[in-house]
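Here is a short tour to read with the sequence and the structure side by side. Please keep both in view as you go through the points.

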Amino acid sequence: MSACNPLRAPRLNPIRWMARLSQMAQGRLAGRTAMPPARTALPAALSGQVALVGAGPGALDLLTIRALDRISAAEAVVYDRLVGPDILARIPPGCERYYVGKACGHHSVPQAEIGALLVRLAGEGKRVVRLKGGDPAVFGRMGEELSALAEVGIDAEIVPGITAASGAAAALGMPLTDRAHAQGLRFITAQQYRAGHGPDWQGLARRDETLVFYMGLGRVGEISQGLMQAGLPADWPMMLIAHASLPSQQVRVSTLRDMPDVLAHAPLPSPCLIVVGSVVSMQQAISMTTEKSLQTTLSG
């Protein structure tokens with residue numbers, strides 16, 4: 001293994017690790033040997049290299065060094081809608097580009113075809129980067145793409161990125177957990193509605209946790225209503241953050257009761273995060289204290 005090849009860095013094999021856990025869960029390791037599933041593996045000489053890379057929340061300077069290394073060495077990049085132009089500009093000249101972005105209700109390429117594309121490019125012996133906004137392991141369909149690659153015997157490297165919730169919290173100077181406000185943190189996808197059911201509102205309606213909803217801009221009213229019906233007070237803090245960490249970042253702060261009206265009068269673009277919890281009030285108090293201190297300093 002060459003040390004100068006950035007896509008061949010030593011790493012654990014997550015595919016074999018997950019497969020073994022699956023076997024254990026099915027009881028296949030309980031005193032008997034199971035035959036491995038049949039698959040058509042690519043010849044080793046033809047198999048390329050695939051890295052599933054997190055591009056972070058959007059700002060170029062929040063891209064990790066390892067992510068930049070993998071992008072710089074890529075021969076083919078398959079990228080999402082949430083990867084910004086500053087990051088795409090780091091793709092080397094002559095590198096093949098494939099846009100497979102997804103927007104609400106508009107999927108440019110079905111997920112199965114994305115997996116097939118990764119397999120094809122790796123089968124051509126290319127160094128492939130699957131570039132995703134945020135962190136590939138957080139609502140990034142990473143598992144589906146790992147499975148597609150595993151079926152033909154292609155190993156994949158995972159390069160984590162800063163997830164949108166962390167990027168937004170840092171940009172706003174807001175903690176996501178706090179000993180006095182939130183001892184727990186939950187990431188929820190509002191896309192659960194597509195399966196014909198909503199989240200477990202009773203389980204989510206806690207005052208000692210911070211809730212962060214991804215992909216929920218079109219569900220703000222339902223989220224507010226669900227949490228209030230499950231027991232959270234109508235004046236419980238709620239924050240929306242669009243384009244977190246970018247110069248175009250926009251924020252709306254209100255309550256569960258009033259946020260749908262606030263959003264109707266001052267719409268936000270996607271992508272947009274929804275944060276629910278008392279850490280929102282804490283952030284507002286810190287912001288006001290900082291502003292007063294600056295005014296005092298300037299007037300003095």
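A residue is called buried here when its relative accessible area is under 20%, exposed when that area is over 50%, and partly exposed in between. Bear in mind that this is a predicted model. With that in hand, we can start at a helix and move on to a sheet and some backbone details.

**Helix α2 and its buried face**

- Helix α2 covers residues 65-72, and its buried residues are Ala 67, Arg 70 and Ile 71.
- Looking down the axis of α2, you will find these buried residues within an arc of 100°, so they line one face of the helix.

**The five-stranded sheet**

- Five strands make up an open sheet with mixed pairing, and their order is β8-β9-β12-β10-β11.
- The edges belong to β8 (184-189) and β11 (250-255); each has a single partner strand, so one side of each is left without a neighbour in the sheet.
- From one strand to the next, the twist averages 20°.
- Strand β9 (residues 209-214) pairs with strand β12 (residues 272-276) in the antiparallel sense, over three bridges.
- Within this part of the sheet, Leu 211 has Val 276 of β12 as its bridge partner.
- Helix α8 (residues 220-229) packs on the sheet and touches β9, β10 (237-242) and β12. The direction of α8 makes about 160° with that of β10.

**A cis peptide bond**

- Between Ser 270 and Pro 271 the peptide bond is cis, with omega near 5°.
- Pro 271 sits in the loop between α9 (259-265) and β12.

- Arg 141 is not a glycine, yet its phi is positive at about 55°. You can find Arg 141 in the loop between β6 (127-132) and α5 (142-150).
- Is Arg 141 buried, partly exposed or exposed? Its relative accessibility is 35%, so Arg 141 counts as partly exposed.
- Met 215 is not a glycine either, and has a positive phi of about 55°. This residue belongs to the loop between β9 and α8.
- With 41% relative accessibility, Met 215 counts as partly exposed.

Note on methods. Residues are numbered from 1 along each chain as its sequence is written. This is a predicted model: local features need pLDDT of at least 70, side-chain atom pairs count only at pLDDT 80 or more; totals for chains, interfaces and linings use all residues. Side-chain values use heavy atoms; hydrogens and water are left out. Two strands pair if DSSP finds at least two bridges between them. Helices (H or I, at least four residues) and strands (E, at least two) are DSSP runs, numbered from the N terminus. Axes are lines fitted to C-alpha atoms, for helices over the stretch in contact, and angles run from 0 to 180 degrees between N-to-C directions. Contact means heavy atoms within 4.5 Å. Buried means under 20% relative accessible area, exposed over 50%, partly exposed in between (1.4 Å probe, protein chains only). The arc is that of the directions from the helix axis to the C-beta atoms.
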